[in-house]
Amino acid sequence: MKNYYIDLGSSTTKVYCSDKELKLIEEHSIYFKNDFDSEKGISEANLKELCEYFEKIKLKYNLKYDNTHIFATGIFRNLIQERKQDLVRLFNDKFDLHFNIISHGIENYYLAKAMENDYNGKKVLIINMGGKTTELVTFVGHKVTDTKNLNIGVADLLNHFDKVNDSYSGNTVEEMEKFVFERLSDIELDKDYDCAIFTGGEERFELLTGFNLVENTLFHDNIHRYMLSLEDYIHGTKKVFNDISMEELYQLMPNNPKWMDGARSGAIIPLVLFKMANVNWIIPSDLNLINGVINDLK
C-alpha cells in the first residue's frame with residue numbers, strides 16, 4: 001500500500017510517497033510567517049490557502065487517515081495550545097487527517113535518522129534550516145555526538161533585509177553575514193569538522209544554479225554525490241545574489257517558484273555556520289526529516 005508523508009514547515013509543504021522507495025512528488029510554498037500570531041494563529045489568507053491545497057492533494061492522491069502522516073514543524077510549534085488544538089480539530093473534521101506538530105527534539109531525532117551513516121570515520125556537521133529554526137547534528141563516524149537547536153531561519157533574514165529579493169539583490173552577502181554572526185554570537189561550535197552537510201533540497205538548488213560541484217571523495221553512501229569547497233560556496237552564493245535575477249530563479253523551479261524567495265537568504269545562515277565551524281568542504285543534500293521517518297520504520 002502507498003503511504004504519504006507530508007513535511008509541513010514554516011514556508012514549504014513537501015509531499016512524499018513511499019511505495020517501494022520514498023519519492024518527493026510535489027511541494028507548495030506558503031509563507032506562514034506573514035501576519036502570524038501565536039495567540040490568534042496563522043493568518044486567514046494562509047489558512048484558506050493551506051486548506052485549498054490539502055483539498056487538492058487529498059483528492060489527487062486519495063489521502064486517508066491510515067495512509068497519510070503529517071509532520072508540522074517550525075512556526076507551528078510557536079502556537080499556543082488552543083490554536084494547535086484548533087488545527088488538529090480542523091484537519092480531523094475537514095480532511096480526516098491527523099495534524100501532527102512535532103517537537104524540536106523529535107525533529108532532531110528524525111534528522112539524525114535521515115543522516116545515519118558511518119561517513120568513512122569523518123566528523124560531520126549536519127545543518128537543517130527552515131523558515132524559523134535551524135537544527136545542527138554532529139556525527140563522528142556513525143554516532144551522534146551533539147545536537148543544537150537555533151532560533152533563526154530564513155524568515156528572520158527575509159524580515160530584516162527587504163531588498164534581498166530585488167531582481168538583483170539590494171542587500172550584500174557581507175551585511176547579511178554580519179547580522180547572522182551577531183545573532184549567533186553566543187553559539188560555540190567545534191573547529192575540527194571534516195565537512196558539513198547542508199540538507200533540505202540544497203543539492204537540487206546548487207545543481208540548478210550552477211555551483212561548482214565536484215565528485216564527493218570524502219565518503220560514499222550512494223546518496224551524496226557532490227561536494228564543493230567553502231570558496232566555491234561563497235562564489236556560488238554571490239552569483240545567486242548578483243548575477244542571477246529573481247525572475248531567472250523562478251524559472252528554474254516552475255512548479256513551485258515561491259521556493260526561490262528563500263534562496264538567497266537561505267544561503268547565509270549555513271555560510272556563517274561553515275565559517276564558525278572552520279568547515280572547508282560542504283556536501284549539498286536533498287534529505288530531510290521524512291527520510292528519517294522512513295529509516296526509523298525499517
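This report covers the cavities, pockets, ring contacts and nonpolar core of a predicted model.

## Basis

The model is predicted: local features need pLDDT of at least 70, side-chain atom pairs count only at pLDDT 80 or more, and totals for chains, interfaces and linings use all residues. Residues are numbered from 1 along each chain as its sequence is written, and side-chain values use heavy atoms, without hydrogens or water.

## Cavities

A cavity is a set of points, on a 1 Å grid over the protein atoms alone, where a 1.4 Å probe fits but cannot get out; lining residues have an atom within 4 Å of a point. Grid points are joined across faces, edges and corners, and a volume is the space filled by probe spheres set on the points. There are two cavities of 30 Å³ or more.

The largest cavity holds about 660 Å³. Its lining has 38 residues, with Ser11, Met129, Gly130, Gly131 and Trp259 nearest the centre. Helices (H or I, at least four residues) and strands (E, at least two) are DSSP runs, numbered from the N terminus. At least two lining residues come from each of β2 (12-18), β5 (123-129), α4 (154-160), α6 (202-209) and α9 (263-266). Helix α4 gives the most, three residues. By class, this lining has 12 nonpolar, 17 polar and nine charged residues. Here Ala, Val, Leu, Ile, Met, Phe, Trp, Tyr, Cys and Pro count as nonpolar, Asp, Glu, Lys and Arg as charged, and the others, Gly among them, as polar.

The second largest cavity has about 30 Å³ of space. Leu125, Leu136, Val137, Thr138, Asp146, Thr147, Lys148, Leu189 and Tyr193 line this cavity. Strands β6 (134-140) and β7 (143-150) each supply at least two of the lining residues.

## Pockets

A pocket is an open set of grid points with protein on both sides within 12 Å along at least five of seven lines. The largest pocket has a volume of about 300 Å³. It is lined by 15 residues; Glu26, Glu27, Met253, Asn255 and Asn256 are the closest to its centre. Two or more residues come from each of β3 (22-29) and α1. Strand β3 gives the most, five residues. The classes are six nonpolar, three polar and six charged.

The second largest pocket has a volume of about 250 Å³. Its lining includes Lys14, Tyr16, Arg204 and Asp286. Strand β3 again gives the most, with three residues.

## Rings and charges

Rings of Phe, Tyr and Trp (its six-membered ring) pair if their centres lie within 6.5 Å; planes under 30 degrees apart are stacked, over 60 edge-to-face, the rest tilted. The whole structure has 17 aromatic pairs. One of them, Phe54 with Phe95, is tilted, at 6.0 Å centre to centre and 45 degrees between the planes. This pair links helix α1 (residues 44-61) to helix α2 (residues 81-95), 41 residues apart.

A charge sits over a ring if NZ of Lys or CZ of Arg is within 6 Å of the ring centre and within 35 degrees of the ring normal. Lys123 lies over Tyr193, 5.1 Å from the ring centre. Lys258 sits over Tyr31, at 5.0 Å.

## Nonpolar core

A nonpolar core joins buried (under 20% relative accessible area, 1.4 Å probe, protein chains only) Ala, Val, Leu, Ile, Met, Phe, Trp, Tyr and Cys residues through side-chain atoms within 4.5 Å. The largest core has 45 residues; Leu157, Val180 and Tyr233 are among those with the most contacts inside it. Elements giving two or more residues include β5, α4 and α5 (173-183). Helix α10 gives the largest share, seven residues.

Notes:
Buried means under 20% relative accessible area, exposed over 50%, partly exposed in between (1.4 Å probe, protein chains only).
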